Amino acid sequence: ASSELTFQENFLVASYRNVAYVLVAGVIFNIGNMLLTATVSVAGMALAFSVTCGVALTVATARALIFDSSSGMLVALAGAALLLAAVALAAFAYSQSLQARADAVKQAALQADPRAKLGRRSPGSPGAALPVTLAASGGVAFGLFHPLLDLGRAGDNAVAPYGLTLLFAASILGCTVLLGPFFFTFPVAGAPIAFRDYFTGSAKQHVLGLLGGILAGAGFLTGMLALAVPRNGAG
């Protein structure tokens, strides 16, 4: 089995198809992560994580119901319905928050100058459509990447956990290099930025970012190692 091979030997016997599955999974995951980050920059973490996670779990549940035999279909359908309801409520709450904020700004302007209503109108709010769409798209990506990882570590020519983690991280890095300039040039919020703006951050911000990446990578590797353990406990 691939788990009995060394790190180098596993790469020699792993099939190109399994490697491709892992690389594509990294690209899809990174796109979802970029969309999640974009949603946070526009609408904050509350909407971003509630909608993204809700859609991701719904997509994963729907895929399991379609492709995997399940005895608890009714429970899974009920759970998916509740997740979609939570996503809808989160989007509605965010739209109501935007409306209340706009009304407060308008009321403050009228109190400061009653003639303000005769002047030029203030720019309208971008609304809830953009952040909800970004978050939902990110959720779809998060719901689709894990089945590809499962395909990459399945079979006699599977990619072992350490090699899978390395390929997954390399795919994320390559995807970031390719897609980063697009998001720099066409940001969802604020003005376009350049790569050199990355170095304007403080040392503390960079250290925290690296630490977060290290923790995420360690958590991912731990999860892959746990999934590779035989279920029957056989060595």
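## Overall architecture

Of the 235 residues in the protein, 27% are buried (under 20% relative accessible area with a 1.4 Å probe and protein chains only; over 50% is exposed, and partly exposed lies in between). The structure is a predicted model, in which local features need pLDDT of at least 70 and side-chain atom pairs count only at pLDDT 80 or more, while totals for chains, interfaces and linings use all residues. Residues are numbered from 1 along each chain as its sequence is written, and side-chain values use heavy atoms, with hydrogens and water left out.

The protein contains seven helices and zero strands, and its pattern along the sequence is α-α-α-α-α-α-α. Helices (H or I, at least four residues) and strands (E, at least two) are DSSP runs numbered from the N terminus. Considering contacts (heavy atoms within 4.5 Å) between residues at least 6 apart in sequence, 83% join residues at least 24 apart. The accessible surface is about 15,200 Å², and carbon and sulfur atoms account for 69% of that surface; the areas come from the Shrake-Rupley method with a 1.4 Å probe, and for residues only the protein chains shown count as cover.

Thr 52 lies in helix α3, which spans residues 45–67. Thr 52 is classed as buried because its relative accessibility is 2%. Leaving aside residues up to four places away in sequence, Thr 52 touches Leu 36, Leu 47, Ala 135, Gly 138, Gly 139 and Phe 142.

Two packed helices are described by the angle between their axes and the distance between the axes. Helix α5 (residues 129–152) packs with α3 at an angle of about 40°, the axes being 7 Å apart. Here axes are lines fitted to C-alpha atoms, for helices over the stretch in contact, and angles run from 0 to 180 degrees between N-to-C directions. The two helices are therefore oblique to each other; angles under 35 degrees count as roughly parallel, over 145 as roughly antiparallel, 65 to 115 as roughly perpendicular and the rest as oblique. The contact includes Thr 52, Val 55 and Arg 63 of α3, and Ala 135, Gly 139 and Phe 142 of α5. By class, its residues comprise 15 nonpolar, four polar and one charged. In this scheme Ala, Val, Leu, Ile, Met, Phe, Trp, Tyr, Cys and Pro are nonpolar, Asp, Glu, Lys and Arg are charged, and the others, Gly among them, are polar.

Leu 149 is located in helix α5. With a relative accessibility of 0%, Leu 149 counts as buried. Its contacts, not counting residues up to four places away in sequence, are Val 22, Ala 25, Leu 164, Phe 168 and Phe 220. Leu 149 and Asn 18 are 131 residues apart along the chain, and their C-alpha atoms are separated by 8.6 Å.

Helix α2 (residues 16–43) and α5 cross at roughly 160°, and their axes come within 7 Å. This angle makes α2 roughly antiparallel to α5. The contact of α2 with α5 has 20 nonpolar, seven polar and no charged residues.

## Pro 192 in the loop between α6 and α7

Pro 192 belongs to the loop between α6 (161–185) and α7 (203–228). Pro 192 is exposed, as its relative accessible area is 57%. Not counting residues up to four places away in sequence, Pro 192 touches Phe 184, Thr 185 and Pro 187. The C-alpha atoms of Pro 192 and Phe 182, 10 residues apart along the chain, lie 9.7 Å from each other.
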